[in-house]
Amino acid sequence: MDINPRKVSSSDIENLKVEINVHRRLNHENIIKFHDYIHAEPYVYIILDYAENGNLYTYLNRKKALTNPEIFKFFYQSCMAIDYLHKNNVMHRDIKPENILLDKNFNIKVCDLGWAAHNIHDKRYCSPRFWSDLSKQIDWHYAELTNTWLLKSSTRFPTIIELTSGLSESSYMS
């Protein structure tokens with residue numbers, strides 16, 4: 001993507017500052033690690049961990065069908081990341097397969113905190129696609145939609161027993 005720095009609005013700059021300030025204080029195994037940023041006028045470079053296996057959207061399209069253990073692992077780790085964000089008064093507001101990265105071991109790494117709100121008790125904050133009083137329930141709604149993406153190629157939705165059969169805690173934890 002080619003961005004002309006002369007056309008960046010002051011609100012874009014404010015959103016970038018919020019993203020950096022929110023992301024730098026987070027530390028969870030299922031959220032992409034923020035290391036630093038470099039401001040080299042007129043550019044800002046955000047330095048994050050590298051996710052070797054790309055994003056979940058591309059992975060789903062490439063693989064076509066996921067195994068039940070994969071579905072459970074990805075959904076469980078996504079929920080753990082969202083729960084951590086909410087416990088730290090952060091609402092992501094843009095959970096989707098494109099914003100879920102996969103590391104070298106295919107562990108979930110939630111990324112792109114550009115729409116994040118860091119005061120989830122302020123009712124004005126919600127998803128960029130919605131305007132409502134739902135507060136952090138919006139992130140859980142997107143998690144459900146992401147889970148639907150995970151299950152999209154199944155002929156039926158597996159039960160929780162089918163998803164978890166034969167799994168040990170180490171198979172879905174980072």
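Colleague: Is Lys-63 buried, partly exposed or exposed?

Modeller: This is a predicted model, to start with. Lys-63 counts as partly exposed, because its relative accessibility is 34%.

Colleague: Which residue does Lys-63 form a salt bridge with?

Modeller: With Glu-70; the closest N and O atoms are 2.7 Å apart. Glu-70 has 15% relative accessibility, so Glu-70 counts as buried.

Colleague: How many salt bridges does the structure hold?

Modeller: Three. One of them joins Asp-83 and Lys-87, with the closest N and O atoms 3.0 Å apart. Another pairs Lys-96 with Asp-94, at 3.7 Å between the closest N and O atoms.

Colleague: Where do Asp-83 and Lys-87 sit relative to each other in α3?

Modeller: They are four residues apart in that helix, which covers residues 68-87, so about one helical turn separates them. Asp-83 is partly exposed at 27% relative accessible area, while Lys-87 is exposed at 65%.

Colleague: And Asp-94, buried or exposed?

Modeller: Buried, because its relative accessibility is 5%. Its partner Lys-96 counts as partly exposed at 25%.

Colleague: Changing topic. Which residues of α2 are buried?

Modeller: In α2, residues 56-63, they are Leu-56, Tyr-59 and Leu-60. Looking down the axis of α2, these buried residues fall within an arc of 100°, so they line one face of the helix.

Colleague: What happens at the start of α2?

Modeller: A side-chain oxygen of Asn-55 comes to within 3.0 Å of the backbone nitrogen of Tyr-57. Just after α2, Lys-64 has a positive phi of about 75°.

Colleague: What about α1, how far apart are its end C-alpha atoms?

Modeller: They are 21 Å apart. Helix α1 has 15 residues, 10-24, and at 1.5 Å a residue it should span 21 Å, so the two values agree.

Colleague: Which residues in α1 are buried, and what covers them?

Modeller: Glu-19, Ile-20, Val-22 and His-23 are buried there. The cover over the buried residues of α1 includes β1 (34-40) and β2 (43-48).

Colleague: Last one. Where is Asn-107?

Modeller: Asn-107 lies in the loop between β3 (100-102) and β4 (108-110). With 8% relative accessibility, Asn-107 counts as buried.

Colleague: What does the side chain of Asn-107 make a polar contact with?

Modeller: The side chain of Lys-73, at 3.4 Å.

Definitions and conventions
Residues numbered from 1 in each chain as written. Predicted model: local features only at pLDDT ≥ 70, side-chain atom pairs only at ≥ 80, totals over all residues. Heavy atoms only, no water. Buried < 20%, exposed > 50% of the residue type's maximum accessible area, 1.4 Å probe, protein only. Helix = DSSP H or I, 4+ residues; strand = E, 2+ residues; numbered from the N terminus. Arc of directions from axis to C-beta. Polar contact = N/O pair within 3.5 Å; in protein donor to acceptor, adjacent residues only side chain to side chain. Expected span 1.5 Å × (residues − 1). Contact = heavy atoms within 4.5 Å. Salt bridge = Lys/Arg side-chain N within 4 Å of Asp/Glu carboxyl O.
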